[in-house]
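Subject: Structure handover

Hello,

Here is the structure you asked for. Please open it and keep it beside this message while you read.

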Amino acid sequence: MVKKKRLRLIADMARKIRAYRELKNRPSDSQRYALDYETMTRPFTGKKLPVLSWEDVRRETRLFTLLAGMRMFGVGRLFTRKSWLDEHTEPCYWKITKVKVDYTAENMDHGKAWGILTFRGKEELAEHEVDKAMYHDWRLVPKHEEEAFKLCDPVPEPPVRYMQYPPLLRAMILAQQAKQLGVAARAIPEPSLPLKRNVLLSNEYFRSQEEKKKQEGTPV
């Protein structure tokens with residue numbers, strides 16, 4: 001006879017209450033990213049910003065500082081960063097599509113934003129969360145300059161470089177291919193490894209991997 005599983009309703013309820021309290025007591029973005037501009041420290045963590053960034057932090061603005069003063073929080077507008085303007089000649093910008101404002105902030109200048117990224121003239125198809133929105137180097141592209149800013153001559157893709165496999169792995173690949181084709185190993189062309197990464201290791205990539213593992217029931 002199979003032993004009947006005992007229901008632990010109180011324990012499950014206590015676990016849900018603890019999870020809810022942790023979620024409720026979680027600090028907001030305005031608390032986490034608050035900055036004392038006189039001492040250049042974050043009151044929530046007590047950490048001080050790097051000395052080399054103090055001048056830029058006092059002069060530059062964050063993304064939500066710009067969004068808070070715009071109609072519809074800048075949805076549909078183009079935003080770029082100072083570092084992109086200095087490092088790349090091709091246009092790099094975000095087109096904002098969705099904004100989630102932290103209304104607990106005094107000036108509503110904190111939150112999360114989503115958009116479509118165009119990096120070095122290549123536009124991504126999917127919508128992603130705007131990365132480094134709390135950095136102090138954001139720029140608004142004026143409305144009358146958007147078309148000129150988006151103009152770009154496509155740069156040709158560099159050819160993919162190849163390298164030889166390590167000796168042991170090379171021997172294993174040759175032996176497997178020779179067994180499948182039924183020929184001698186010396187008759188098979190030399191295998192080579194392409195030096196190209198097809199996966200962009202961004203925050204969205206790791207989130208999708210965690211969600212996939214949760215759906216499959218495997219530990220993260």
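First, a term: two strands pair if DSSP finds at least two bridges between them. With that in hand, look at strand β6, where W138 is the bridge partner of R81. Bear in mind that this is a predicted model.

R81 belongs to strand β1, residues 78–81. Strand β1 pairs with β6 (residues 138–140) over three bridges, in the antiparallel sense. Strand β2, residues 93–101, also runs antiparallel to β1, and two bridges join them. There, W94 in β2 stands opposite F79.

Which way do the residues of β1 point? L78 and T80 point one way, F79 and R81 the other. All four are buried.

Now the surface. M163, L193 and L195 form a nonpolar patch there. Together they have about 240 Å² of accessible area. L193 sits in strand β8, residues 192–194. Its relative accessibility is 32%, so L193 counts as partly exposed. The cut-offs behind that: buried is under 20%, exposed is over 50%, and partly exposed lies in between.

Last, the whole protein. It has eight helices and eight strands. The radius of gyration is 26 Å, well over the 17 Å that the globule rule gives for 220 residues, so the protein is more spread out than a compact globule. Its C-alpha trace spans about 75 × 75 × 35 Å along the principal axes. Buried residues make up 25% of the 220. The accessible surface comes to about 17400 Å², and 56% of that belongs to carbon and sulfur atoms.

Best wishes

Definitions and conventions. Residues numbered from 1 in each chain as written. Predicted model: local features only at pLDDT ≥ 70, side-chain atom pairs only at ≥ 80, totals over all residues. Heavy atoms only, no water. Patch = residues over 30% accessible without salt bridge, like charges linked within 9 Å, V, L, I, M, F, W, Y side chains within 5 Å. Areas by Shrake-Rupley, 256 points an atom, 1.4 Å probe, with all protein chains shown as cover. Salt bridge = Lys/Arg side-chain N within 4 Å of Asp/Glu carboxyl O. Buried < 20%, exposed > 50% of the residue type's maximum accessible area, 1.4 Å probe, protein only. Rg over C-alpha atoms; globule rule 2.2 N^0.38 Å.
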